[in-house]
Amino acid sequence: GGAPGVHSHRWIDKTKDSSDEELIAHTLALLGGVPDEKRTARLRLVCAFDDGGDIHTSEASIEGRIVEIPGMYEPGFPYRALLQIPEYNKLYGELTEEEHDAVNHRKKALAELKPIIVEKLGL
């Protein structure tokens with residue numbers, strides 16, 4: 001249903017940030033018993049640049065599925081322990097630097113805006 005959404009660290013309790021461990025446990029509890037083919041998920045970024053007259057937007061996402069047993073992740077990025085990337089058959093948190101660079105949704109969205117930013121700022 002689109003959860004956790006933009007406020008992913010306040011998904012469990014709207015009044016405070018949850019720990020990485022709480023978010024992982026909550027996600028897995030909600031998906032308990034859900035068959036593999038219905039455990040699809042994505043990390044999505046929408047970004048915007050306001051040039052003072054127009055607002056330019058871009059978006060990108062990385063598709064995968066939520067595994068049943070979490071793996072490695074960086075503190076602050078708990079969902080990387082859960083999202084398996086099909087191209088590599090690895091969890092997002094286990095990708096090499098090169099693999100991560102190839103699928104990085106943030107990089108893709110910002111690369112789309114970069115020419116506009118450079119042009120509008122005269123860089």
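Biologist: Which side chain meets Asp36 in a salt bridge?
Modeller: That of Arg65, with 2.5 Å from N to O. Keep in mind that this is a predicted model.

Biologist: What parts does the pair tie together?
Modeller: Asp36 is in the loop between α1 and β1, while Arg65 is in strand β2, so the pair links parts 29 residues apart in sequence.

Biologist: How many salt bridges does the structure hold?
Modeller: Eight. Among them is Lys120 with Asp51, at 3.5 Å from N to O. Lys120 lies in helix α3 and Asp51 in the loop between β1 and β2, so this pair ties parts 69 residues apart in sequence.

Biologist: Now the strands. How many bridges pair β1 with β2?
Modeller: Eleven, in the antiparallel sense, with β1 at residues 40-50 and β2 at residues 55-66. The two form a hairpin with four residues between them, and Gly52 in the turn has a positive phi of about 95°.

Biologist: What does β3 do?
Modeller: β3, residues 83-85, runs antiparallel to β2 and is joined to β2 by two bridges. Ile66 stands opposite Leu83 there.

Biologist: Different topic. Which residues form the nonpolar patch on the surface?
Modeller: Val118, Leu121 and Leu123, with about 300 Å² of accessible area together. Leu121 belongs to helix α3, residues 105-121, and is exposed at 53% relative accessible area.

How values were computed. Residues are numbered from 1 along each chain as its sequence is written. This is a predicted model: local features need pLDDT of at least 70, side-chain atom pairs count only at pLDDT 80 or more; totals for chains, interfaces and linings use all residues. Side-chain values use heavy atoms; hydrogens and water are left out. Two strands pair if DSSP finds at least two bridges between them. Patches are made of residues with over 30% relative accessible area and no salt bridge: like charges are joined within 9 Å, nonpolar side chains (Val, Leu, Ile, Met, Phe, Trp, Tyr) within 5 Å. Accessible areas come from the Shrake-Rupley method with a 1.4 Å probe; for residues, only the protein chains shown count as cover. A salt bridge is a side-chain nitrogen of Lys or Arg within 4 Å of a carboxyl oxygen of Asp or Glu. Buried means under 20% relative accessible area, exposed over 50%, partly exposed in between (1.4 Å probe, protein chains only).
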